[in-house]
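Thanks for making time this morning.

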Amino acid sequence: MRRLILVAVQLLAATAAFAQEPATRAEELARQREEKSRQLAPPEPGRLERTLLALENGRLFERILNPPEGFYPKIGNITPGGGFAIGPAYRKPTLFGERATFSAFAMGSFKRYWLAESRLAWPALAGGRLSADVHGRLFEYPQEDFFGLGPASRRDDDVIYGFRSSELGATAGVRPVPWFALGAKVDQLTPSVGPGNTGRSIGQVFRGSTAVPGLDDQPDFLRYEFSADLNLREPQGNPRRGGQYKVVYQRFDDRDLERYNFRRVDVDLQQYVPLLRDRRVIALRAFASTADADAGQDVPFYYQRTLGGPDDLRGFRQFRFRDRNVLLLQAEYRWEIFTAVDGAIFYDAGRVAPRFEDLGFDNLESDYGIGFRFGTRNGVFLRVEGAFGSSGGKHFILRYGHVF
Amino acid sequence: MFSKASSGPAKAGHYVLPLRSVVSAFRRTVLATAFILGVIAVTRGAAPRFYPDDPIQVDRDAQLDASNAMPIEGSNGYDFAEHTFLKPGDRRDIPAVNVNTMDEVPDSSWFTNRIGRRAMAIDEIVRGPNSMDTVVVDDWPIVRDKTSGITPGYRVTDPSGRLYQIKFDPPGNPEMASGAEVIGAAIYHALGYNVVEGYVVEIDPAKIVIAPTATTVDMSGRRRPMRRSDVDRLLARAARLPNGKYRATASRFADGVPLGYFKYYGTRPDDPNDIHPHEHRRELRGSRVFAAWLNHDDSRGLNSLDMLEGPAGARHVRHYMFDFGSIMGSGSVFAQVPRAGNEYILEWTPALKTLITLGLFVRPWILVDYPEVAPSVGRFEAEFFDPAEWRPEYPNPAFDLMRPDDAFWAARLVAKFSDEALRAIVAKARYGDPAAADYITRTLIARRDKVLRTWLTGVNPLVNPQLSAAGVLTFENAAVSAGVATAPAGYVLTWSRFDNATDSASGVSQEQRVSGPRADAPPAMLQGSDYVSVSIQTMHAGFPGWEAPVIVYFRQGAGGWQPIGLTRK
C-alpha cells in the first residue's frame, strides 16, 4: 500500500512537471519573459563608458581647454624651443553687440619662458570681409640658442642668450574673397638681450655689436608690416591640393639709435599635388627671406631669420643657422594610412647667407626623415618624426601642429 | 520508501530501519523514478517540434509592463572603441533565435511585416510612416536646440504641441541630407521597421519664431535662453535655396517616453519583454543587407531609438530605426566620403599594408570614379559596390553574425521593391534637378540587383511551399523569380512521415526528381499521416550550394496540409 502511495505521489509530481511545459509557442515565449521579469536590472554602463559620456555631454574638453567665454588654462608652446607652457587665459567673445572679442592670457614654461598677451579684436566686420585688432604682449625667452651668424657658424659655438620684449600694436585685414587677404600691421617693439639663464652665455663667446649686430645695444622699434595671402589650399587645415602663396613686407624703424633701420621681405610658397584622389600628396614649400638695412646700418641678430628646428631644417637644432637672408626648400610625400593617421617622408634643404645673391642651390644644408601625423582633414594636432642625414645628427620630433 | 521492521521488538510508533531494508528501498525508489521519467520522456519527448500555434505570425513582446525601463544614453567615443577594439555580444555562429518555424520574422515591437507579407501599393510605400502629406513649419516656435548629432538643427512644436526635429542640408550639398532622410525612412518603413514620421520642408528665415522658453547649450556647456543669433549661426551652416528659404527635414517625435537607443547585442536588462539577444535577431542581422543596399554606413546602435509606449501599468518598449541622413551619397554634413561602405574607420589589414608599403598599396575604393552629378546626390555609385564586402563605419555585432539564411530573408524583402516603387520613393525627396532623381533611382536599382545576385543565391532559395489536399507540392525559387538565376536543372525530393512528438522522420521515400517547382507527394506517405516532411535539393550547375536541402514540414489540418516548418541546411 505504501509503495502504491509513493508511486502515486511521484506520478503526481511528474504530472505537475508535465503541466509546467508550455502548450503553445506563445506560452513558451511568455514563460521566458516571465522568467526575465524576475531578473530585471537597470542598465549599468561601465566606468569607461560613463566617463566618455560625461566628457562628451559636458563638453568638458571644450569647456576646460577652449571655452568660448570665461577663464580657462592655456596650454602649448610659447615659441619654438620654449618648452611646454601653461597659464591662465580669459576670453569674452560678445563685446560691442557680439562684434568684438577680448582675450588675454599669461603662460610660462618649465624652461622659464613666459608670455603675457591681450587682444581686442573685431574678427568679422562688413560681413566677414574686414577684420581689425589692437594687441599688446610682453615676453621673455631666457634660453635662446645662438651659434653665430652665417652659413659657416660652428655647432661648437652654441651659446645661450635671453630675449625680452614688449609689442604694442594694431592690425587691419581685408578679405574680399575667402581665398585672398590683405593685411597691415604696426607694432612698437622694445627688445632687450641678456645673458640667458643657463649654459654658456652669448657674451662668453661673442663680443660686441660689430661681430653680432645688436648684442650690446637694443633700441626700441616701430615695425610696419604689409602682407598679401592667396590661399587656395584644400582643405585648409591639412591640405591635399591647391597652394598658398604669401608675401610679407616689414619695415623696422630704429626709434633710439638710428643704427638698425632695415626692411625685410618674406616669400612663402606652398604647393600641394594630389595623387590617387587626394590619398597621397606631394607637398612642396619654398621659403625665402631677405633683409636689407639702410646704408651704414645693420640688422640686429635677434631679428634675423633662422634655420633649424622642427619646422624647417628638421635635422638641425633650433636656430642652428641665422643670417639676413634665408632660403628653405621642403618636400614631403604624404600618404594616408587610415582616416586619422598620415605617414610622411620628407626632405629639407636650405641655407642662410649674408647677401641675397649668395643664396642659391649650392651648398645647401639638408636632411631627410620619416614621420606620422595624427589628426583629421581639418588639421594635424600631433607630429612624430625622425630626421636624419644632416651634419647636425639625428633628431626626434614630437610637435603639435602641422609643419606646413 | 521506508518499511516497518519485520522482526525483533518494536515500540509503538517507532520505526527501525535495518541497513538491508534501506538499500532495498533506495533501489526500488530509483527504479520507480527511472521508470516514471522514462514514461514521461517517451510520451513527452523534450517538447514537440511544432506547437499548435506554429508558425507564429506575431511575437507578443508587449505583454509585460516595462514601466521601470530606464533611459540609456550612448557615448559616440565608447561605442566606436567598444565595437572596434572589442567584440561585444555572443559570437556563436547560430541561427537567428527570433524566427518562427517557417524561418520568418514574426511581427513584434521591433518589426512589422509589411512589404514582405503583402503587396503594398506604391502610394503606401512612398507615404511610409507619415500620417500627413506634408507639413508647413512656418511660425512653429523653436523650443530648444538639437541635442545630438552633427547636423545643424533645432526642435519646434506644432500648434497641437507635438515635437518635431528640424535638420538642415549642408551648404555645399543642398537637398542631399533631407532627400536621404525621407528616402531612407520610406524604405525602412516598407521593409518593416519602426520609423518616425519625416517631411521635407522649406523654412522661411523671416518666419522663424523662438519660444520665450527656448534654450540652447553654448560651447561652455551651459544651458541658456536661445537667441536669434544662435539660429543665424545654425543657418550659416545650412544650404539656402534660390528662393531664400532653407530646406530641411522635419521629423516628428514618436509617442511615448524616450529610452535612448538599443544596442546591436545583448538585451535591455530592464525590459522583461526583450529576451532575444539582439545580435541573434534576424531583423537586425538582416539589416546589414538593407544598409549595404542603401549605403547606410551610420547603421549603429546610436542611430536607433527605444520608446516606452502604452498606458500606465501596461507599457512596453518599441524599437525604432532612426536618422537616415547618412545614407546613399549623403554624409549628413558633407558628401559621403569614398571610404564609407568600403572600409571601417579603423581597419588594421589595409592600414598596415599601406603603412608598410609607404602608400604603394592602394585600396581599390580609392580609385572609384563618382559621376559628376548634382551636389544633392553626394557620393553614391553602384559599379564598384560589392554587397558582400560592404561595411558600416565600424563593426556591428549583428551584421558580423549575419548568416546566409539571414541575408536571404533580407534579400527577399529587397526584391519586393520594383523599379517603379523606387522611382516613386525617390520622387518623394523632391530633388530640384531631375537628373539627380534619375541618377539616384538608377543607382538604387543597380545596387538592388547586386544585392539580389549576392544574397538571394547564397542558400537553396526555395520559398512559399504549399501542399494541396490532393497531394500536389508547389514551391517557388526566389532567385529565379527575381531574375538573378536561371531555372535549375531540376529538384530532388525525399518525403518522410514526421513524428512531431519525437522530432523524428520515418518511412523515408525514394528520391523523386522533378524538373520544375511542382511534384506529387507519394499517396502512401500522406495516407494516415498527421505530419509529413519533404527534403528538397535544387540542382543547378551554377550554384552547387543549392544542393543543401530545404526541409519543409506540413501538418494535416481541417483545411488540408499546412506548411508549419522550414529548415535551410
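In chain A, if we take the contacts with a separation of 6 or more, 53% of them come from residues 24 or more positions apart. Please keep in mind that this is a predicted model. Chain A is built with 6 helices and 19 strands, and its radius of gyration is 32 Å, well over the 22 Å that the globule rule gives for 404 residues, so the chain is more spread out than a compact globule. Along the principal axes, the C-alpha atoms of chain A fill a box of roughly 135 × 55 × 45 Å, and 25% of the 404 residues of this chain count as buried.

For β9(B), 2 bridges join it to β10 of chain B, residues 304–309, and the two run antiparallel; within β10(B), B:M307 is the bridge partner of B:P258.

Now, which residues touch the most other members of the largest nonpolar core? Among its 130 residues, they are B:V289, B:A411, B:V414 and B:L456, while helix α4 of chain B, residues 176–191, contributes the largest share of this core, 11 residues. Leaving aside residues up to four places away in sequence, B:V289 touches B:A407, B:A410, B:A411, B:V414, B:V451 and B:W455. There is also a second, separate core of 17 residues, which includes A:I202, A:V212, A:L215 and A:Y302.

Technical notes:
Residues numbered from 1 in each chain as written. Chains lettered and ligands numbered in written order. Predicted model: local features only at pLDDT ≥ 70, side-chain atom pairs only at ≥ 80, totals over all residues. Pairing = 2+ DSSP bridges. Helix = DSSP H or I, 4+ residues; strand = E, 2+ residues; numbered from the N terminus. Core = buried A, V, L, I, M, F, W, Y, C linked by C-beta atoms within 7 Å. Buried ≥ 20, exposed ≤ 12 C-beta atoms within 10 Å, placed from the backbone. Contact = placed C-beta atoms within 7 Å. Rg over C-alpha atoms; globule rule 2.2 N^0.38 Å.
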